[in-house]
Amino acid sequence: MSALINRFGRRSMLGLLGAAGIGAAAGCARDYTQVGGSAVPARYRGRLHLIAWHSFASTTGEALVAIVDRFNASQSEIFIEPQYQGSYEETQQKLSATLIARQIPDLVVLSEVTWRAMHLADALEPLEGYFDTDLQPSDYIEQFITEGTVKDHIWWLPFARSTPLFYFNKTLFRKAGLPDRAPRTWTEFRQWAPAIKRQKGGGNAVMPLALDGGYSAWYFQGNMWQWKARYSDGLDIRLDEPNGMAAVTWMADFVHKDKAAYLSPSSSVDFGNQAASCALMSTASLAQTVELAKARKFDLGTGFLPEHETFGCPTGGSGWGILAHAPAHRKQAAFEFLKYLGRPETSATWTMATGYLPIVKKAQQDPRLVDLIKKDPNFSTSLDQLPKARTQDLARLVIPDASNFMDDAFETLYSSGIAPTTMFKQLAKKMRRKAELLEDNYRAHYE
Amino acid sequence: MTASTPSLARGGEAPTTAVVPDRSSTRSRRTLRRRGYALFLAFIAPNVILLAVFAYWPVVYNGYLSLTSWNLLSDTKPFVWFANYTDMFTDPEFGMVVLRTVIFSGGIVIISIVLGLLVALLLDQKLRGRNLVRTFSFAPHIVSGAAVGTIWLYIFDPSYGLLRQLLGIVGIASPAWMTDSFWALPGLIIVYVWKTAGFVAVIYLAGLQGLPSDLYEAARIDRAGPLTMFFRITLPLLSPVTFFVVVTSIIGSFQAFDVIAVMTGGGPGTATTTLSWYIYEQAFQAFDAGHAGAAAMIMFVLLVLITSAQARFTRNRVHYQ
């Protein structure tokens, strides 16, 4: 039976590839049409119906839907239907499939990695011409709008932007006799590790640091910069230079020699269960982690990423793109929605509900946000860290599949006895090979 | 047919009638054959068309894709001949994927056949409650892979899992299973064996119950011990069953996907990236239809080779009664 199920799995996959092919072959002559949506509620009937694909589940998803509802109620021309499509990666998969079939949503949420692929595939609309007096590119926080701009065209507008943040369990730190703050440097953290490991959580020794496998290359981008190394300079792969080797060796030792960090199935679960005293997680986990800490009755602390030779912190998260193949009036209407998201009060609402960073400068002066920061200083940590955060090295963002196979490499490093230098050499080799294949397309779009 | 009747009725024209029915019966046979053929086509058409569209065409199209370099997005699919194949055959990572698949499949097939046969032998005894046990041992096989994966994630969890507590009783520290590059693959093999062994047992049990009792009586008269009887009578007579089970479980384990998707996603790193997961990863994470297609062709050829080799090897050894 399992053979049958499994065979079905393979068949249907092959079938999908086949169907995709037929779609592509048949589709060349056809125009793009809108993907399927649901029935428009009676009170919004007669409006222009736009479909927006997003990747936000649970509380974050509810926060987005609430904002969309308010947008729909705020005007009388446009009805936005938000459709949840799974993770950023799943959304990209589905978008690719629908593009082949010549069916598209009007708006789509793309991560800092996936928008680059869509841009390289010429699927995105340049947006700089849509701005007017209501919203100017300069209203956005500098790093965010710059990240979505290539060769003076704006392809991707910031929305759910984040950075990594250092989360720690203040209660455990107190018990271990440590200061009431995050470690300033990795060296300091290493000195603190033995004291943390003497604590017990659920019968086990508490681990100092839980590491996630997913997005591990994003987190490690910080470490690279902290060691004055980089993944790449443009498409020129640099991670196997001496500083990079030092950075990865330090982390491998921290995991395998000090046994102070480990690959966790889910660092947020382990952190919540107090099996780990610290975790590197996105700022977007803040609202949820605050609740988790309350429920588990421990004091939550947040801090900047630890430094080594210097400070380093990458930006991440997602933004919106408008599909280039949509008809002009739809694109115009879609931009109206993005303008609404760019209002300071919308941005502040979104930040308070989720922990994502504000995307426009003025949102930071929103009285509700100012109030929240006063009450819970954890919310100000990420805002204070933001000016020092910057766009990741391009290799992870543009080389196809790099974000996946780089994560794989770090997972292998954390979960096996592989020598860190070997791992980085292999990774660099693979990235160089893939970068070579990309070169023509990269030149055409970036130079 | 009707043409021959008047001539027969008239009579006396024997030589002509002898020729006419002959010719007409050839014609009628031809019509019959043609009609039979049409009927045959009509009956198999729905099946053949479905198979052709959903099974054979994708294989052919996949073969074509494997010779192109396509990112699933661009309108053009540049033809690259065998570049994808040479790429993979020179990539040590792909070699590891194949090796891993062999270990994974071999582990599952061997362990689940041994376990399944043992369980079948036990269930073949006339013991009370064996029907219940039979149901229990078959149940894992019909549970969906996603559910199995989720349950075993909890069992394996190194901090909160059931297995950790069981190992704790005998004083063994639980490995990190799914987040340890060494243990993840054995962990998956355990899960698949758990899922497959019951199925193997039920098939073997059917085989055992069909064995002729006179052979055993004769052996008993010759004072053969139970082990001799097992190795000289039971095992050889079960060889067609073994053949069936080996072929289906090799194919099944080569294509295993659901549990891997839920439990490890091919990780940590690439520690559980088997051929089927690799194909998925290349197609839908890396958007590299060429490499995915080539890997799928390699899997296809491997499975055809294994199956035909098995068929040839066992032709002389399989005893059909």
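**Chains A and B of a predicted model**

Biologist: Which residues of chain B does UniProt list for "domain: ABC transmembrane type-1"?
Modeller: Residues 98–310 of chain B, according to the UniProt record, which is an unreviewed entry. Bear in mind that this is a predicted model.

Biologist: How much of that span is helix, and how much strand?
Modeller: Residues 98–310 of chain B are 76% helix and 0% strand.

Biologist: Take 97–123 of chain B. What is the secondary structure there?
Modeller: Residues 97–123 of chain B are 100% helix and 0% strand, with 38 Å between the end C-alpha atoms. Residues 292–311 of chain B are also 100% helix and 0% strand, and there the end C-alpha atoms lie 28 Å apart.

Biologist: How is chain B divided into domains?
Modeller: Domain 1 of chain B covers 4–65 and domain 2 covers 83–315. Their C-alpha centres are 46 Å apart.

Biologist: How many residues does each domain of chain B bring to the contact?
Modeller: Domain 1 of chain B contributes four residues and domain 2 of chain B contributes six. On the domain 1 side of chain B, the residues touching domain 2 are two nonpolar and two polar, with no charged ones.

Biologist: Switching to chain A. How many helices and strands?
Modeller: Chain A has 18 helices and 18 strands.

Biologist: What share of chain A counts as buried?
Modeller: 51% of the 447 residues of chain A. As for contacts in chain A between residues at least 6 apart in sequence, 75% of them join residues at least 24 apart.

Biologist: What is the average pLDDT of chain A?
Modeller: The average for chain A is 91, and 93% of the residues score at least 70.

Biologist: Where in chain A does pLDDT stay under 50?
Modeller: Over residues 1–28 of chain A. The model still has 51 contacts beyond four places in sequence for residues 1–28 of chain A.

Biologist: How should low pLDDT be read?
Modeller: Where pLDDT is low, the predicted coordinates should not be read in detail.

Definitions and conventions:
Residues are numbered from 1 along each chain as its sequence is written. Chains are lettered from A and ligands numbered from 1 in the order in which they are written. This is a predicted model: local features need pLDDT of at least 70, side-chain atom pairs count only at pLDDT 80 or more; totals for chains, interfaces and linings use all residues. UniProt positions are given in the numbering used here, feature names are shortened, and annotations may be inferred rather than shown by experiment. Helices (H or I, at least four residues) and strands (E, at least two) are DSSP runs, numbered from the N terminus. A residue is buried if 20 or more other C-beta atoms lie within 10 Å of its own, exposed if 12 or fewer, and partly exposed in between; C-beta atoms are placed from the backbone. Two residues are in contact if their C-beta atoms, placed from the backbone, lie within 7 Å. Domain bounds come from an automatic or database domain assignment. Ala, Val, Leu, Ile, Met, Phe, Trp, Tyr, Cys and Pro count as nonpolar, Asp, Glu, Lys and Arg as charged, and the others, Gly among them, as polar. pLDDT is the predictor's confidence in each residue, from 0 to 100.
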